[in-house]
Amino acid sequence: PTSSTGLAISGILSFFAIIVSFANVYKHLSRWSHPALQRSTVRIVLIVPVYTTFSWLSLVIPEWDLYFSSLRDIYEAYIIYLFLVLIVDFAGGDSMCATALAEQKRMPHPWPFCFLKQLRLGGRFLRITKKWALQFTIIKPVFAVLNISMLAIDHFYDTWYQWVLLIVYNFSYTMALFALYYMYHAIRTRISKYHPVKKFLAVKSVVFLTYYQSLAVISVPGVFWAGI
């Protein structure tokens, strides 16, 4: 169990993170001049209070950790899709983005797949990247329900099921991130003034670090599968 000092420190830091996030949201709402862009931006910024609140509650009520982390992860998956939507909105929306992609006709694969045949750009490319990003927002809720069901029948912590989670989550997460990567690579010159990479890293760096930290911990011999 987490010590009272640890709970207090994490609670204070979470509180300040939430205050800063809501201040950012308030600034957007009070200057609602670009609804298409700000709508996604506000939803993305809300990942901070959602993530910190559920993470802190997991420390306070550890026996409810799976329920809190499932809700947190569902919103996190939604954020991945929102980033793709935001990138497309930066380019002028679906129609203008598809037109801009069609004008480029072809694009070489970004690193590390630059040896592959060039991609044909256009509306189909846009639809495919959206589908690859959207699949993560579907898989997360489905597995959240499955996780709770497996916990109810005392099989959630079985090694075979943890391997299933590890493989499915990593594959799904990687595909969603590659969808973002490919879309950004295709229209980066049109949206460079918005600095989307900095926005993405500002929000997702903490999530990535905590996720890969958990992978590093469970890879240590003798450490029990938990918290993936």
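Buried means under 20% relative accessible area, exposed means over 50%, and partly exposed lies in between (1.4 Å probe, protein chains only). Helices are DSSP runs of H or I with at least four residues, numbered from the N terminus.

This is a predicted model, where local features need pLDDT of at least 70, side-chain atom pairs count only at pLDDT 80 or more, and totals for chains, interfaces and linings use all residues. Residues are numbered from 1 along each chain as its sequence is written, and side-chain values use heavy atoms, with hydrogens and water left out.

**Helix α5**

Which residues of helix α5 (residues 94-104) are buried? They are C97, A98, A100 and L101. These residues sit on the same side of α5, because they cover an arc of only 160° around the axis. That arc is taken from the directions from the helix axis to the C-beta atoms. The face turned away from the buried side carries the exposed residues S95 and E103. K105 follows α5, and its phi is positive, near 65°.

**Salt bridges**

The structure holds 3 salt bridges. In each, a side-chain nitrogen of Lys or Arg is within 4 Å of a carboxyl oxygen of Asp or Glu.

| Pair | N to O distance |
|---|---|
| D73 and R72 | 3.4 Å |
| K140 and D73 | 3.5 Å |
| D94 and K130 | 2.9 Å |

D94 lies in helix α5 and K130 in helix α6, so this pair ties together parts that are 36 residues apart in sequence. D94 is partly exposed, at 40% relative accessible area. K130 is buried, at 18%. Shared partners join R72, D73 and K140 into one network. Within it, D73 is buried because its relative accessible area is 13%. R72 also counts as buried, at 14%. K140 in helix α6 and D73 in helix α4 are 67 residues apart, so the pair links distant parts of the chain. Both K140 and D73 are buried.

**Elsewhere in the chain**

I12, F15, F16 and I19 make a nonpolar surface patch of about 420 Å². Such a patch joins nonpolar side chains (Val, Leu, Ile, Met, Phe, Trp, Tyr) within 5 Å, from residues with over 30% relative accessible area and no salt bridge. Areas come from the Shrake-Rupley method with a 1.4 Å probe. I19 lies in helix α1 (residues 4-30). At 43% relative accessibility, I19 is partly exposed.

V60 belongs to helix α3 (residues 47-60). V60 is partly exposed, at 36%. V60 and L7 are 53 residues apart in sequence, yet 7.1 Å apart in space, C-alpha to C-alpha.

Note on methods. Patch = residues over 30% accessible without salt bridge, like charges linked within 9 Å, V, L, I, M, F, W, Y side chains within 5 Å. Helix = DSSP H or I, 4+ residues; strand = E, 2+ residues; numbered from the N terminus.
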